[in-house]
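Please open the structure in a viewer and keep the sequence beside it.

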Amino acid sequence: ENVSAISVLDMALTIALSFGIGVFIFLVYQKTYRGVMYSAGFGTTLIALTMITSIVILAVTSNVVLSLGMVGALSIVRFRTAIKDPLDIAFLFWSIGAGIILAAGMIPLAVVGSVCIGIILLVFVNQKSHTHPYIVVLNCVDHEAEVNAKAFLLKHVARATVKSKSAVKGAIEMNIEVRLQEDDTDF
């Protein structure tokens, strides 16, 4: 009875479409990634998450007892990996949502919704500032040297923000985030 609850065509279509949408989500993630160190593993996770979610939901929709067991089992799972970028959370929810919608049989909603979300993310995430931040570490001997160094720096950068400053007798160290005017570090 459990074997025939879901047709082979439904299974194959759901798995193929969830893989396709997962790859689309992965490609959008690659194009919109703006962090420091790209993790290919996270992108692969997006594909797998879409497929796993669709398979689980497909199984749950065919059996009430299984659905209650899944709710209980999944309620004890805890994830301890810190998500560093809020946009990564959006990609995780997108993958999970696409898998759920596909397994529920709402194929047009999953495809059209994913395309719309992908286009919106590509348009808005890529409209980021083209000035990259740099950190300048200044070591000065006294207050006068600090003032002169900051004045020199402000002449050559678009923006400078002191992130940290430590002073001990005879030395001042500052970490300053700078945004260059034309990506020119020759100064």
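Two strands are said to pair if DSSP finds at least two bridges between them. Helices (H or I, at least four residues) and strands (E, at least two) are themselves DSSP runs, numbered from the N terminus. This is a predicted model, in which local features need pLDDT of at least 70 and side-chain atom pairs count only at pLDDT 80 or more, while totals for chains, interfaces and linings use all residues. Residues are numbered from 1 along each chain as its sequence is written, and side-chain values use heavy atoms, with hydrogens and water left out.

**The whole protein**

Begin with the entire chain in a cartoon view. The protein has 6 helices and 3 strands, and from the N terminus on its elements follow the order α-α-α-α-α-β-α-β-β. The radius of gyration is 25 Å, well over the 16 Å that the globule rule gives for 187 residues, so the protein is more spread out than a compact globule. This radius is taken over C-alpha atoms, and the globule rule is 2.2 Å times the number of residues to the power 0.38. Along the principal axes, the C-alpha trace spans about 85 × 35 × 20 Å.

Next, display the surface. Its accessible area comes to about 12,500 Å², and 67% of this belongs to carbon and sulfur atoms; the areas come from the Shrake-Rupley method with a 1.4 Å probe, and for residues only the protein chains shown count as cover. Of the 187 residues, 26% count as buried. Buried means under 20% relative accessible area, exposed over 50%, and partly exposed in between (1.4 Å probe, protein chains only).

**Helix α2**

Select residues 40–61, which form helix α2. This helix has 22 residues and reaches 32 Å from its first C-alpha to its last, close to the 32 Å expected. The expected span of a helix is 1.5 Å times one less than its number of residues. Among the buried residues of α2 are Phe42, Leu46, Ile47 and Leu58.

**Helix α4 and Asp88**

Move on to residues 86–103, helix α4. The end C-alpha atoms of α4 are 26 Å apart, which agrees with the 26 Å that its 18 residues should span at 1.5 Å a residue. Now colour Leu87, Asp88, Phe91, Leu92, Trp94, Ser95, Ala98, Gly99, Leu102 and Ala103, which are buried in α4. They cover an arc of only 155° around the axis, which puts them on the same side of α4; the arc is that of the directions from the helix axis to the C-beta atoms.

What do the buried residues of α4 pack against? They pack against α1 (8–32), α2 and α5 (107–125), where contact means heavy atoms within 4.5 Å.

Select Asp88 alone. Asp88 is buried, with a relative accessible area of 12%. Not counting residues up to four places away in sequence, Asp88 touches Tyr29, Phe42 and Ile83. Beyond the helix, stop at Gly105, which follows α4 and has a positive phi, near 90°.

**The strands**

Select residues 171–180, strand β3. This strand is mostly covered, with 7 of its 10 residues buried. Which strands are joined to β3 by bridges? Strand β1 (residues 133–140) is joined to β3 by 8 bridges, and strand β2 (residues 157–168) by 10; both pairs run antiparallel.

The pairing can be followed residue by residue. In β3, Val178 is the bridge partner of Ala160, and Ile172 stands opposite Ala167 as well as opposite Cys140. β2 and β3 form a hairpin with 2 residues between them, and Gly170 in the turn has a positive phi of about 85°.

**Two buried residues in the strands**

Highlight Glu177 in strand β3. At 17% relative accessibility, Glu177 counts as buried. The residues it touches, not counting those up to four places away in sequence, include Tyr134, Ile135, Arg159 and Ala160.

Finish with Cys140 in strand β1, which is buried with a relative accessible area of 7%. Leaving aside residues up to four places away in sequence, Cys140 touches Ala145, Glu146, Ala149, Gly170, Ala171 and Ile172.
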